[in-house]
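Visitor: I would like to go through this model with you. Where shall we begin?

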Number of protein chains: 2
Amino acid sequence: MVAVRDVDSLRRRIQAWRREGLSVALVPTMGALHKGHLTLMDRAQKMADRVVATIFVNPKQFGPREDFAAYPRRETEDFEMLVAAGVHVLFAPDVPAIYPPGFATNVGITGLSDVLDGAHRPGHFDGVATVVTKLLLQVLPDIALFGEKDYQQLMIIRRLVADLNIPVDIIGVPTVREADGLAMSSRNAYLSADERARAPALYKAITAAAAQIAKGGDIAAALAVARDAIGQAGFGTIDYVEARHAETLQPLKAGEPGRVLAAAHMGRARLIDNVTI
Amino acid sequence: MVAVRDVDSLRRRIQAWRREGLSVALVPTMGALHKGHLTLMDRAQKMADRVVATIFVNPKQFGPREDFAAYPRRETEDFEMLVAAGVHVLFAPDVPAIYPPGFATNVGITGLSDVLDGAHRPGHFDGVATVVTKLLLQVLPDIALFGEKDYQQLMIIRRLVADLNIPVDIIGVPTVREADGLAMSSRNAYLSADERARAPALYKAITAAAAQIAKGGDIAAALAVARDAIGQAGFGTIDYVEARHAETLQPLKAGEPGRVLAAAHMGRARLIDNVTI
């Protein structure tokens, strides 16, 4: 694996592959890699000849009171994991390589960005959309892979890729979970042993709500039960527990394809999760 | 010349050229073509193997009280001019081909978009930036050409292409003028014979101001003289007459590369123009 830090070096590598007729997959990450990321790398390798992984903790997607400074950074371990995963190029730019002085452009998505996590993290999805647009245009891959754990992010990326005519296929990959159901996340590192033991209640609660709704149960009642269970398990602030249309993320109506999504705080960690209905 | 209306057909043509190793130039227009546009086509042909021209009157860059409905549309004449100019493909989509139902993405540029025309046409440059991003990503040309007549637009496009890492060279082409100095513009069609006779005063006034400033004359005094001359010539509302830094469009300081830019109303037409200092 080769690690590159600047866009020109990255593009030279990719152009060499293109001249050989090789296909390219992109897996953008913020590092602090876990099995969920490795599943993305694995899937990427099965779908394309060459895999580019990126590690960039994107300041634009963190709010002023969020955990940008504290976000786990483990580049040595990440590097070893990516080598073992057979990734061909790691693109790990510093902040000025992505946002040089004078940078002034914002990519925003109306509607999808304003609900759920967007309502609780103003500007977050503008930051995501802007950096993902940049990474996609830096690499111009055939496919790019994103985890369903960040489901709203995945829907926003699908929307912006279609809207801006970025020539790439976006592949969503199911969430990878610990044995007890907790969605793998770099932010799980913030949990104490006790919090870690309580955290799977989030997944259990939304899974139960999704099953109730799938059976034709009352949506509001199912969500209320889930909220209750999450509170009982020792979560602090519950940002939302919602049933939404699986694509538009608007409030779910009976008969539509749906998704239950939740975000709640446990100690220092803000955990999110979602399941299909 | 082949005219195509949808992105898939457009991309098939371009991919065929790419397989032959041909280079591609893009010239985006809103139609109602004049000699200024033809200069862009000419330049494009000298710089690339194949030329794609687009005609799309972009609703997103017109304000609610602006001239979207009235904007001149002359597709038959445009078509003949493009054939004569040796353009290879005309891309002339309808509005839903560019903005299908559910479209929700906006490309915005802070700072550059807020001054001059941006201050007088809220949302205008977001509309420009969004559609130009789309056209660039639909065609993925080697170069794209824009007239300096829309100087602020050109600076915004340079900024967004750099910021989003769109792999294209942006070529600015000097304004083409009538014999009496009036900048060629599709909106000149709005002028009555009398208004047309008075309109060149805009260019004369900013040229004189630029010459004064270049000689070391007081910037504010030179602009005041220009405003006065434009008013005297029978222009109605003068939106702005400003001397700005040639790249950032911030107020000009002595010794910096500069540009004098102006916008003023003459009858139904809002005319803009600019010159280097």
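**Strands, then helices**

Guide: Strands β9 (residues 258-266) and β10 of chain A run antiparallel and are joined by eight bridges; strands are DSSP E runs of at least two residues, numbered from the N terminus, and two of them pair if DSSP finds at least two bridges between them. This is a predicted model, in which local features need pLDDT of at least 70, side-chain atom pairs count only at pLDDT 80 or more, and totals for chains, interfaces and linings use all residues. Residues are numbered from 1 along each chain as its sequence is written, and chains are lettered from A and ligands numbered from 1 in the order in which they are written.

Visitor: Which residue of β10(A) is the bridge partner of H265(A)?

Guide: H265(A) is bridged to R270(A).

Visitor: And which residue of that hairpin takes a positive phi?

Guide: G267(A) does, with phi near 60°; two residues lie between the strands.

Visitor: Turning to helices, at what angle do α6(A) and α7(A) cross?

Guide: The axes of α6 (residues 124-139) and α7 (residues 151-164) of chain A cross at roughly 50° and come within 10 Å.

Visitor: Which residues make the contact?

Guide: From α6(A), they are F125(A), V128(A), A129(A), V132(A) and T133(A); from α7(A), Q153(A), I156(A), I157(A), L160(A) and L164(A). Contact requires C-beta atoms, placed from the backbone, within 7 Å.

Notes. Helices (H or I, at least four residues) and strands (E, at least two) are DSSP runs, numbered from the N terminus. Axes are lines fitted to C-alpha atoms, for helices over the stretch in contact, and angles run from 0 to 180 degrees between N-to-C directions. Two residues are in contact if their C-beta atoms, placed from the backbone, lie within 7 Å.
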